[in-house]
Amino acid sequence: MSTTQTAQTVMPPSAPKATKLAIGSWALYDLANTIYSMNITSLYFSLWVVNVMHAGDSAYAYANGLSMAVIFCIAPLLGALTDQSPRRMPFLVVSTIICVACTFMLGTGGLMRSLVFFVIGNIAYQAGLQFYDATLVDVSTEENRGKIGGLGIGAGYVGSFLGVGLGSVILSGVDTLSPDLQSAKYMQVFRMTAILFLIFAIPCFIFVQDRRRPNRRFTFASLGAAVRQVGETIRSSGRYPGLGRFLVGRVFYTDAVNTVIAFMGIYVTNEVGFTTKQVQLVMLTAIACAALGAYVWGLVVDSIGPKRTLNMVLILWMFVFAWAAIVGFFHLPPATFWPVAAFAGIGLGGTWVADRPFMLRLTPPARVGEFYGLYGMVGRFSAITGPFVWALVVDTLKLGRPAAIVTLLFGIIIAYFILRPVSDEPRSWSGADMELELPVHVPTV
């Protein structure tokens, strides 16, 4: 599971307190979309494309990269839509239904049609994350926002376990079946994923009270203003020491992390030699270690600060990628890969725990929301470039998957050296930079 962080204006004091039912329903949506993310974008769909349909890595890589490129381009439009519309919830409902419908159709009509469904569905899923992020303000206050956001993160980890467990039950013994029966089994996983996504999302649609804003109306002028604001934010980041450099470094390490999440299933089956059952155990191991790692790394951040913590996490990632590449290059026994899964999970938990407070140290309080929008764009951009680089190395240049892992290792090393001059010492803000806007911690996958 991965996490992003956005910001919203603090709810006014007169805003009604959300009920426990609303808060629980909101967290359930994070469980729902994590089942989709784990099963479709991280594990089973890529295995179906490469191992069942015998397509190259580039087929999945290009589809994934294309969907992220589209969402990267339309994010300002989506932000303007939700900011200027009377309600946000209808956008979340529509995007979820589109994603569920496309996920249900995966595996039908052959490879190309399924890739089209995946692209459309993943665009809708990513758009839904943006709409869902904004609803946290409807179920929280300034005092409990971090706690409720953490509840969503915990629900997301549960969703990861449910997703992998679902696949484990349905795909039991799948490696011994004929290709047609294998495909049919994977289609069952896709359809059950869609059904569970919808079931666990419905309470959010019903019980989260989306506060109406009757004076809001979307216009094309608001879209243009949103696009211009993005450009102004990029230009003004240079005024704050270390902020621009941090964001550039973040491109490289999030590129590596997002890419290994997307292609881990393909790598461990085709390079390490694991069975589908073993892949599922690898993912469960990584998820459990990520949950534990997030807690431990949080204590480390509080103790030594975000920069030193992030440095430690990046060094751990160097070790993970180097070990994974060595296992692939030298065809070492599959048992030698298990520590990679554990340490990758620990690194994943630490990455987001460390880089969010690091970003906060570099950002003026008055512009937290604005710069966290740029922070999110950096993450989306790396999710575009990573799959394309993987496809280039594996299929176009024919260098193989271990070589692709080495490119991820170089990305981590580059990020480490870019970030070295950046200080995380608390800044002294003054004037307009002091107006506080509270950061919102939002779990996604």
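**Notebook: cavities, salt bridges and a surface patch**

I started with the inside: about 80 Å³ of space lies in the largest cavity. A reminder to myself that this is a predicted model. My search gave two cavities of 30 Å³ or more.

Which residues line the largest cavity? I noted V260, F263, M264, Y267, V320, F321, A324, F337, V340, A344, W390 and I405. Sorted by class, this lining has 12 nonpolar, no polar and no charged residues. I then asked which helices each supply at least two residues of the lining. They are α8 (243-272), α10 (306-329) and α11 (338-362). Helix α8 gives the largest share, four residues.

Side chains of opposite charge can pair when their charged atoms come close. I found three salt bridges in the structure.

I looked at R401 with D57 and read 2.8 Å from N to O. This pair links distant parts of the chain, with R401 in helix α13 (residues 401-419) and D57 in helix α2 (residues 57-84), 344 residues apart. Are the two partners buried or exposed? R401 is buried because its relative accessible area, 13%, is under the 20% cut-off. D57 is buried too, with a relative accessible area of 0%.

Next came R250 and D355, whose closest N and O atoms are 2.7 Å apart. I noted both R250 and D355 as buried.

The remaining entry on my list was R401 with E271, again a salt bridge, at 2.8 Å from N to O. R401 lies in helix α13 and E271 in helix α8, so this pair ties together parts that are 130 residues apart in sequence. Through shared partners, salt bridges join D57, E271 and R401 into one network.

I went looking for nonpolar side chains on the outside and found a patch made of L21, I97, L198, I202, I206 and F207. Together they have about 500 Å² of accessible area. Which helix brings the largest share of this patch? It is helix α6 (residues 179-207), with four residues.

I also checked I97, which sits in helix α3 (residues 89-104).

Methods
Residues numbered from 1 in each chain as written. Predicted model: local features only at pLDDT ≥ 70, side-chain atom pairs only at ≥ 80, totals over all residues. Heavy atoms only, no water. Patch = residues over 30% accessible without salt bridge, like charges linked within 9 Å, V, L, I, M, F, W, Y side chains within 5 Å. Areas by Shrake-Rupley, 256 points an atom, 1.4 Å probe, with all protein chains shown as cover. Salt bridge = Lys/Arg side-chain N within 4 Å of Asp/Glu carboxyl O. 1 Å grid on protein atoms, 1.4 Å probe; cavity = no way out; pocket = protein on both sides within 12 Å on 5 of 7 lines; lining within 4 Å. Points joined across faces, edges and corners; volume = space filled by probe spheres on them. Nonpolar A, V, L, I, M, F, W, Y, C, P; charged D, E, K, R; others polar. Buried < 20%, exposed > 50% of the residue type's maximum accessible area, 1.4 Å probe, protein only.
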